[in-house]
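Please keep the sequence and the structure in view while reading.

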Amino acid sequence: MKDILIDELRTAYDAQLRGVTPPGGSARVERDGPLTRVVGWHRGFVTGPRDLGVCGTELDTLIARQRDFYAARGEAVEWKTRAHDLPADLTDRLSAAGFVAEASETVLIGKSAELAADPVLPDGATLRRVTARSDVERIAAMESIVWGEDWSWLADDLAARIENAPEDIVVLVAEARAQVVCAAWLVFKDGVDFGGLWGGSTLKEWRGQGIYRAMVAHRAQLAAARDVPYVYVDASADSAPILTRLGLHAVTTTTPYVWSPPASDPGVP
C-alpha cells in the first residue's frame, strides 16, 4: 500500500512540479525545447519533464546549448535532475559536458492536514511572518552564517517574490533576543496541489530544540487552510530523517548538476 502511495505522489510531482515559479524582479523564465530555464537569478537554472524525449547526440546538443547560453552571459548554471529522470544516461552526459554534481537531496511529500499543528517553540523564541526588506536581509545574513558562504542574493530573491506575488509566498522567521535564528518560507502556485517548503535553516546553537519542526507544522497549517492538500521539500541529509519521522514520504532524490565558467573567461571576476 505504501509503495502505491509513493508511486501516486511521484506521478503527481512529475505532473505538477517540474516547472519554475516566475521569480519576479529582473529574472525571467524561458523555454528551450523540453526545458525550462531561468535567466537573471543569482545563477542560471534549468529543469525539465521526467522524460526529455531526446537521447544520444540530440541530447548532447541540448545540454551544450544550455551550457553555451549561460557561458555567453558569464554565468554559472544549475541543471536540476531527479533520480528517475529519462533518459537514464542524462547525468553521465551532463558530466561529459562539464557539469559537476553537487550534494543530492531527498524529495519528500506529506499531507498538509496530517502535518498541521500549532508551532511549539523553545523558551525565548518567537515566530512571525515577515515582508519588509530589512527582514529578508536579516534572513540572508543568517543563511550566510549557516552555510558559510555569501547568500546576500537571497534578500533580492525573497523581496522580489513578496513584491510580485505576496499571496503566493509566506516568509517566516524564528527570533530570539532580536536575532533571526531560523527562517523558512512556503510557496504556492496556482493550480498546483503542493505547497513548497523552502529554507528551514537554523543557527547551530539553536538546533535540536524543535524550531525546524515548528516551522514545518505551521507551514502545513497554512497550506491546509488554503486547501492545498500536500507539502513537499527537497531535504538535506540532516533534515530528511526529521521530516520522515514527521510523516513525509520520500519519492525520489534530486541532484543539481552545475556548470561554472572558467575564472579566466572574459567578464568573469
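Where does Arg177 lie? Arg177 is in the loop between S8 and S9. The model is a predicted one.

## Overall fold

The protein contains 8 helices and 12 strands. Its radius of gyration is 19 Å, close to the 18 Å that the globule rule gives for 269 residues, so the protein is as compact as a globular protein of that length. The C-alpha trace spans about 60 × 50 × 30 Å along its principal axes.

Of the 269 residues, 49% are buried. Among contacts between residues at least 6 apart in sequence, 71% join residues at least 24 apart. The protein exposes about 12900 Å², and carbon and sulfur atoms supply 52% of that area. There are 28 positive and 38 negative side chains, with the centres of the two sets 1 Å apart.

In soluble globular proteins, nonpolar side chains tend to be buried together. Here the largest nonpolar core has 46 residues, and Ile139, Leu158, Val171, Trp185 and Leu243 are those with the most contacts inside it. At least two residues of this core come from each of strands S7 (125–130), S8 (169–176), S9 (179–187) and S11 (230–235), and from each of helices H5 (133–147), H6 (153–164), H7 (211–225) and H8 (240–246). S9 gives the most, with 8 residues.

A second, separate core has 17 residues, including Val39, Leu62, Ile63 and Phe99.

## Backbone exceptions

Most residues other than glycine have a negative phi, and most peptide bonds are trans. The peptide bond from Leu86 to Pro87 is cis, with omega near 0 degrees. Pro87 is placed in the loop between strand S4 (77–82) and helix H3 (90–96).

Two residues other than glycine with a positive phi are Arg177, near 50 degrees, and Asp227, near 65 degrees. Arg177, in the loop between S8 and S9, is exposed, with a relative accessible area of 71%. Asp227 is found in the loop between H7 and S11 and counts as exposed at 69% relative accessibility.

Leu17 lies in the loop between helix H1 (2–16) and strand S1 (28–32). Is Leu17 buried or exposed? Its relative accessible area is 12%, and the cut-off for buried is under 20%, so Leu17 is buried. Leaving aside neighbours within four places in sequence, Leu17 is in contact with Ala12, Arg82, Val192, Phe194 and Tyr232. Leu17 and Tyr232 are 215 residues apart along the chain, and their C-alpha atoms are separated by 9.7 Å.

Thr254 is in strand S12 (residues 249–259) and is buried, with a relative accessible area of 2%. Not counting residues up to four places away in sequence, Thr254 touches Lys80, Thr81, Arg82, Ala103, Ser104, Glu105, Val107 and Asp234. The C-alpha atoms of Thr254 and Ala83 are separated by 6.2 Å, although the two residues are 171 residues apart along the chain.

Thr202 belongs to strand S10 (residues 194–202). Its relative accessible area is 8%, and it is buried. Beyond its neighbours within four places in sequence, Thr202 is in contact with Val146, Val181, Cys182 and Arg207.

Gln221 sits in helix H7 and counts as partly exposed, at 24% relative accessibility. Which residues does Gln221 touch, not counting those up to four places away in sequence? They are Ala116, Ala117, Asp118 and Pro119. By contrast, Gln221 and Ala155, 66 residues apart along the chain, have C-alpha atoms separated by 25 Å.

How values were computed. Residues are numbered from 1 along each chain as its sequence is written. This is a predicted model: local features need pLDDT of at least 70, side-chain atom pairs count only at pLDDT 80 or more; totals for chains, interfaces and linings use all residues. Side-chain values use heavy atoms; hydrogens and water are left out. Helices (H or I, at least four residues) and strands (E, at least two) are DSSP runs, numbered from the N terminus. The radius of gyration is taken over C-alpha atoms; the globule rule is 2.2 Å times the number of residues to the power 0.38. Buried means under 20% relative accessible area, exposed over 50%, partly exposed in between (1.4 Å probe, protein chains only). Contact means heavy atoms within 4.5 Å. Accessible areas come from the Shrake-Rupley method with a 1.4 Å probe; for residues, only the protein chains shown count as cover. Lys and Arg count as positive and Asp and Glu as negative; His and the chain ends are not counted. The place of a charge is taken as NZ of Lys, CZ of Arg, CG of Asp or CD of Glu. A nonpolar core is a set of buried Ala, Val, Leu, Ile, Met, Phe, Trp, Tyr and Cys residues joined through side-chain atoms within 4.5 Å.
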